[in-house]
Amino acid sequence: MSELTLTLIRLGLLLLLWVFVFSVTTVLRSDLYGTQISRRVLSKRQPEPRRSPGRQPAQPPAAKDAAEAPRPVRPGPRLPTGLVVTEGQLAGTSLPLGRGGVLIGRSPECTLVLDDEFSSGRHARIFPGPDGWLVEDLGSRNGTFLGGQKLVGTAPVAIGSVLRIGRTTLELRG
C-alpha cells in the first residue's frame with residue numbers, strides 16, 4: 001500500500017474515533033443533567049377558521065314544522081388542552097392533555113415526573129370524563145389542592161384551574 005492510502009485510512013479511523021467520543025459524551029451529559037426544559041409552550045392551538053364578513057354561514061333548510069326545526073347549538077365551555085407548571089423546579093414546563101390523561105408524581109412511569117419530596121410516587125391524575133376533564137388524588141399523603149381546597153376523590157377542572165402538589169403549582173390552559 002502506498003503512503004497516501006495509509007495516511008487516509010489513519011485519518012478516517014481518527015475521525016471515527018472522535019465521532020464515537022462525542023456521541024458518548026453527549027449520552028453521558030444527558031444522563032447526568034437530565035432533560036432540558038424549554039420555557040416556551042409546547043402545545044400549539046389550532047387557529048379558528050376566519051369567516052369573510054360578506055358571507056353568512058349556510059342556513060339549514062326550513063323545516064315543515066316548528067317543532068321539527070333544529071335548535072341552534074350553543075358552544076359549550078372551552079376545555080383545557082394543556083397543563084403548565086407555573087411554580088416549582090419545573091416552572092415553564094408544558095404538557096398537552098392527551099386522550100389518556102396525565103399521571104403526576106415522583107415515579108418515572110408518570111407523565112409529569114416531579115422532583116419534590118412532598119409529592120407521592122403516583123400522586124394525582126388528570127383524565128377526560130364524559131363532560132370535560134377531571135382531576136383525582138391517588139391517595140397521596142400530603143394531598144392535592146385544587147384552587148386552595150384539598151381535593152377529596154375526583155373533581156372537574158376547567159381552563160384556569162390551579163392545582164398544587166407539594167411545592168409545585170400547575171395550571172390548566174386552553
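Guide: Strands here are DSSP runs of E with at least two residues, numbered from the N terminus, and please keep in mind that the model is predicted.

Visitor: Okay, where does Gly129 lie?

Guide: Gly129 sits in the loop that connects strand S5 (124–128) with strand S6 (133–137).

Visitor: How far is Gly129 from Pro156?

Guide: The two residues are 27 residues apart in sequence, and their C-alpha atoms are 8.4 Å apart in space.

Visitor: Switching to the sheet: what is the order of the six strands?

Guide: The open sheet runs S2-S1-S11-S10-S7-S8, with antiparallel pairing, and its edge strands, each pairing on one side only, are strand S2 (94–96) and strand S8 (149–150).

Visitor: How many bridges join S1 to S11?

Guide: Five bridges join strand S1 (residues 82–87) to strand S11 (residues 168–173), and the two run antiparallel; in this region Glu87 stands opposite Thr169 in S11.

Visitor: What about the largest nonpolar core, which residues have the most contacts inside it?

Guide: That core has 21 residues, and those with the most contacts inside it are Leu83, Ile104, Leu112, Ile126, Val135 and Leu170. Among the elements that give two or more residues to this core are S1, S5, S6 and S11.

Visitor: And what does Leu170 touch?

Guide: Leaving aside residues up to four places away in sequence, the contacts of Leu170 include Leu83, Ile104, Leu112 and Val162.

Terms used
Residues numbered from 1 in each chain as written. Predicted model: local features only at pLDDT ≥ 70, side-chain atom pairs only at ≥ 80, totals over all residues. Heavy atoms only, no water. Helix = DSSP H or I, 4+ residues; strand = E, 2+ residues; numbered from the N terminus. Pairing = 2+ DSSP bridges. Core = buried A, V, L, I, M, F, W, Y, C linked by side-chain atoms within 4.5 Å. Buried < 20%, exposed > 50% of the residue type's maximum accessible area, 1.4 Å probe, protein only. Contact = heavy atoms within 4.5 Å.
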